[in-house]
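I opened the model and took notes as I went. The whole chain came before the local detail.

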Amino acid sequence: MQNSLELAVKKAFKEIYKVEIPSIEFQATRKDFEGDITIVVFAFLRYVKGNPVEIGTKIGEYLKENVQEITDFNVVKGFLNLVISDAFFIKNFNSIFKTPNYGLVTPKKNEKAVMVEYSSPNTNKPLHLGHIRNNLLGYSVAEIIKASGKKVYKTQIINDRGIHICKSMLAWQRFGNGETPTSTGLKGDKLVGNYYVAFDKAYKEEIQQLISQGKTEEEAKKEAPILIEAQQMLLKWEAGDKEVVKLWKTMNQWVYEGFDQTYKELGVDFDKNYYESNTYLLGKDIVLEGLEKGVFYKKEDGSVWIDLTDEGLDEKIVLRADGTAVYMTQDIGTAIERFKDFDLSELVYTVGNEQDYHFKVLFLILDKLGFDWAKQLYHLSYGMVDLPSGKMKSREGTVVDADDLMEEMTNTARTISQELGKLEGYSKEEKESLYKTIGLGALKYFILKVDPKKRILFDPEESVDFAGNTGPFIQYTYARIQSILRKATFDFSIEMSEHEVGLHVKERELIKQIQLFPEIIQNAAQNHSPAIIANYTYDLVKEYNSFYQTVPILGCENKNEKIFRTQLSAKVAEIIKAAFKLLGINVPERM
């Protein structure tokens, strides 16, 4: 419609004012004015001199006369509001109703893919609340980009080496008495995380002991025997010591099995894992090549740097004096590796906003090294998640654990559902499955409805509210529609023409909202923002509930209108389900 209308407006200006208009700005008509689509007349004043109301009126009259779908118009200041015919909306909805997977685009076979990296945990502790936002964002953005018509690879880089891993290994050797996830009944990531905490406790005790012997705090931190031993263990690992490598593999495997359980519970997955133990040596050769090309320079101590002061950044080290890599070196190497492994058009890094500077530098370095694809790198930066009780800390063992939070969400959904008492006739298993669907839906929606860049204060109880902009409110509307469809004992697949039904204003508004879905998916993909999908779904549900409360559906006496309203309900449910799938949220058939 918009394309044909644009052509008609351009034709109107050519005939009335003898001018060529390059583009037309359309908006949805504001709710307080009559109309369905609005043309911004102010934008034309650079081409046509005159009063905006007068110009709008002339164009409105032309469109009403020459465009079959335009039945009326009104002009408010510099805005031309157009009323579109019922016939257009009905015809358009008929087409939408018959379209399976409406709004979703199938990826083309030979098109380049998009890679989305998320999660990227350390193997010395379980996943926490911050990882939840990271995983939900990364997974959802990948699904949205896929729905927009691109091939997508989901990936994570697992930080499986380094001093932090050795700390857990050493503490297990000292205090573990050979215990395993099987012998303790603990998830592997929890067990290893406990030893990371145990290391920190022992380390602090040693620091205090050294301070009491006359050392300064700085000296004590460096000289604590347990830290020195962990550093020696890292050197042994790097040298390929068999015993150390064997323990490292065993404990990491415990952690991976624990992570897999959490990912499954959270409903996220990956197509490929990269491991830092395989990538930490990457990038060094590239840095040395860049040194020869003059991209980098060497300091007197032998360390290699890049000077980015001309770009408004500072100097950045890319290789230590002893020739060992820093994170930047690895990230340079890993990015190159990924573009070798896959035919990519874009690489999206889902990483917290504390790393904004790191990614600016990384992208700029890759650009200076001459990689064309450096312009296709995107940092999906996001803010921290806080709970009302305060920030998270990991080393002290007071981390907001991802598994615990998911369990708490299920419990919160159970408590609220039992208070509402709407689950008569459900088996125990059905109830538990529903609590989990509601609890996780509440958590995911609360986090994803917020623009990624904004910080979130997550309130579990507020998120499980069955009214307002929440996951359960939308899930409840979906379940309500399913109830209507189960009661519809007639064939509602028959196509209705404009001669058979007259549109109620609430039906028009609902169709307008339905029509937006394909554009919303494309917009969310371009902006890497699940919040666009989440808030669209809430608006759709609000519009549906207003329709549901205003007009009868199954109780409608006119058979054709009853069929049409049931069709509208079915399509709304289908869109809710599809939109929530893009957010990684399930919808219950009954509630």
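My entries on the chain and on one set of strands follow.

**Ground rules.** I am working with a predicted model, where local features need pLDDT of at least 70, side-chain atom pairs count only at pLDDT 80 or more, and totals for chains, interfaces and linings use all residues. Numbering starts from 1 along each chain as its sequence is written, and side-chain values use heavy atoms, with hydrogens and water left out.

**Whole chain.** I looked up the secondary structure and found 22 helices and 14 strands. Both are DSSP runs numbered from the N terminus (helices: H or I, at least four residues; strands: E, at least two). The C-alpha box, along the principal axes, is roughly 90 × 65 × 45 Å. Of 591 residues, 52% are buried (under 20% relative accessible area, 1.4 Å probe, protein chains only).

**Contacts.** I took contacts as heavy atoms within 4.5 Å. Among those with a separation of 6 or more, 74% join residues 24 or more positions apart.

I then turned to pairing, which needs at least two DSSP bridges between two strands. Strand β8 (residues 297-298) runs antiparallel to β9 (residues 304-307), with two bridges joining them. β8 and β9 make a hairpin with five residues between them. In its turn, Gly302 has a positive phi of about 95°. On its other pairing, β9 meets β10 (residues 315-319), again antiparallel, over four bridges.

**Trp305.** Which residues does Trp305 bridge to? I found Tyr297 as a bridge partner, and Ile317 in β10 as another.

Notes:
Buried < 20%, exposed > 50% of the residue type's maximum accessible area, 1.4 Å probe, protein only.
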